[in-house]
Amino acid sequence: MSTASAGLAKKFGYKNIRVYLDGEPDWAKAYLPTYATHDFIKNGNVVLVDVRPSNEAVKGRIKGAYSIPYEQLDDRLDDIARNAPVILYGDQETLDAVEDMRDDGFKFVSLVQGGFAGWIASGEAIEKGPIFNTEIRWVRKLGKGEVSLADFRKAASGEDKDAVIVDARTKAEVAELGIFKNTINIPLDEIPARMNELPKDKKIYVHCASGARADMAFKELLKNGYKAKFLLLNIADAECDCEIIRP
Amino acid sequence: MHKSCVKFLPGLLMIGLLSFGCAQKEDVKQDMTPKTGQTKQQVQKNVYKGKIVGKSNLAKTISIEVGKGKQAKIMMVKFDDQTKGIEHAIKGHAAIITFEKRGNDVYAKVVKQKLAKLPQGVTEIKTEELSALVTNAHKMYLVDSRPASRYGQSHLPGAVSIPVPILKEKQAALLPADKNELLVFYCGGPT
């Protein structure tokens, strides 16, 4: 995209054009600050954290923000999903907080554009008084083509007869760890050759060990006209809770 | 929790340009010129060019997105010990895969990194230099070329959001009046 834009700018007559090919991901990786827009903060599925001392937060904070003073942040990190978009604001400690969180494996950490002062100056909503929302709630929204765990369970239990589960793991993994009920094992690399074994009129839910291969198999099935979805979950997670036929 | 997740007709080119990453310019540029014959030839030559959308070492399989816009298709290619340059098959990165058919299977022979081509006279800037410019409040116009939603979530300090289709539509109206001012464009990188 950036090279396309640079090409356009050149066409419009600009003389001094450069492209930062490494882009936003590299900037974040170098622990440099990135910012979120007010619109994204208000409407996005985000975890907004006020890292100032709690007395400051009580005096006034961005509406919907969780108050986690910087000294407590380290202890609270495990309360926040690593793949949640986290947005921080505070005083001079904010940049340290960004660094700490990125270091701890948080994939998306950004700052409030203009900080708290900028938020107020823009006339955005704040709240005051005691803080009651101490438990951090964030639920990941299903991505494109993902099947919900609830729907997947219905297929695995046999309750949903209109769905077929495909296990895209290798034969060796299945032999060692077992397989879900109502499931056909077609290793990912055999999907192109064996997809004709699957019904086109039923829903196909693909899973693997973590979701990576299931995603690839899902794309291949979708391309070939199957009503496919995939499960993005580490099936070893207790959360999965599907009955396994042990080898 | 999970280890990973997720572009030829002149008319469709615009769509292609709207939605793809930095390293895609090369393809777009080539397709701009009416060389439909060449595209066909490349298919015959067993080459896939595009973004790697998945790789499994256990299944020894790579998924690569080829073609633009609505014509985009994700192709599965197997690899083995004979495959050269498998380290260039990195999810999110652009690659060129030369493959061969073995029975019903498609095997990658060579995987190469697909490098972004900068327009003539345009130079690359690295993180260190750009961050120094930002820190010193150097006069420049920093543009985020990604879709507005990506800008909304996380953008560089002082950057303005001009997604590629918007720049096409509004043209220089969104850029500084001074044609000699430094313009820096960025997007989601090769990832």
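Is helix H11(A) mostly covered or mostly uncovered? In this predicted model, H11(A) is mostly covered, with 10 of its 12 residues buried. These buried positions are Ala212(A), Arg213(A), Ala214(A), Asp215(A), Met216(A), Ala217(A), Phe218(A), Lys219(A), Glu220(A) and Leu221(A). After H11(A) comes Gly225(A), with a positive phi near 85 degrees.

Chains A and B are in contact through 59 residues of chain A and 65 residues of chain B. On the side of chain A that touches chain B, at least two residues each are supplied by helix H1 (2–11), strand S1 (17–20), helix H2 (23–29), strand S2 (35–36), helix H3 (38–43), strand S7 (108–112), helix H10 (191–194) and helix H11 (212–223) of chain A. H1(A) gives the most to this side, with nine residues. Sorted by class, the side of chain A that touches chain B holds 29 nonpolar, 17 polar and 13 charged residues. Strand pairing also links the two chains: S1(A) pairs with strand S9 (residues 183–186) of chain B in the parallel sense, over four bridges. Within this pairing, Arg18(A) stands opposite Val184(B) in S9(B).

The domain assignment divides chain A into domain 1 (1–30), domain 2 (31–141) and domain 3 (149–245). Between domain 2 and domain 3 of chain A, the C-alpha centres lie 37 Å apart.

Chain A contains an open sheet of five strands, in the order S2-S7-S6-S3-S5, with parallel pairing. The edges are taken by S2 and strand S5 (66–67) of chain A; each has a single partner strand, so one side of each is left without a neighbour in the sheet. S5(A) runs parallel to strand S3 (residues 47–50) of chain A, and two bridges join them. Here Val49(A) has Tyr66(A) in S5(A) as its bridge partner.

Gly90(A) is placed in the loop between strand S6 (85–89) and helix H6 (94–103) of chain A. A residue counts as buried if 20 or more other C-beta atoms lie within 10 Å of its own. Gly90(A) is therefore buried, as 24 other C-beta atoms lie within 10 Å. Leaving aside residues up to four places away in sequence, Gly90(A) touches Asp50(A), Val51(A), Arg52(A), Tyr70(A) and Ala97(A). Gly129(A) is 39 residues from Gly90(A) along the chain, and the C-alpha atoms of the two are separated by 17 Å.

Chain B comprises six helices and nine strands. Of the 191 residues in chain B, 39% are buried. Strand S2 (residues 61–66) of chain B pairs with strand S3 (residues 73–78) of chain B in the antiparallel sense, over six bridges. Glu65(B) stands opposite Ile74(B) in S3(B). The hairpin formed by S2(B) and S3(B) has six residues between the strands, and Gly67(B) in this hairpin takes a positive phi near 85 degrees.

Conventions
Residues numbered from 1 in each chain as written. Chains lettered and ligands numbered in written order. Predicted model: local features only at pLDDT ≥ 70, side-chain atom pairs only at ≥ 80, totals over all residues. Contact = placed C-beta atoms within 7 Å. Nonpolar A, V, L, I, M, F, W, Y, C, P; charged D, E, K, R; others polar. Pairing = 2+ DSSP bridges. Domains from an automatic or database assignment.
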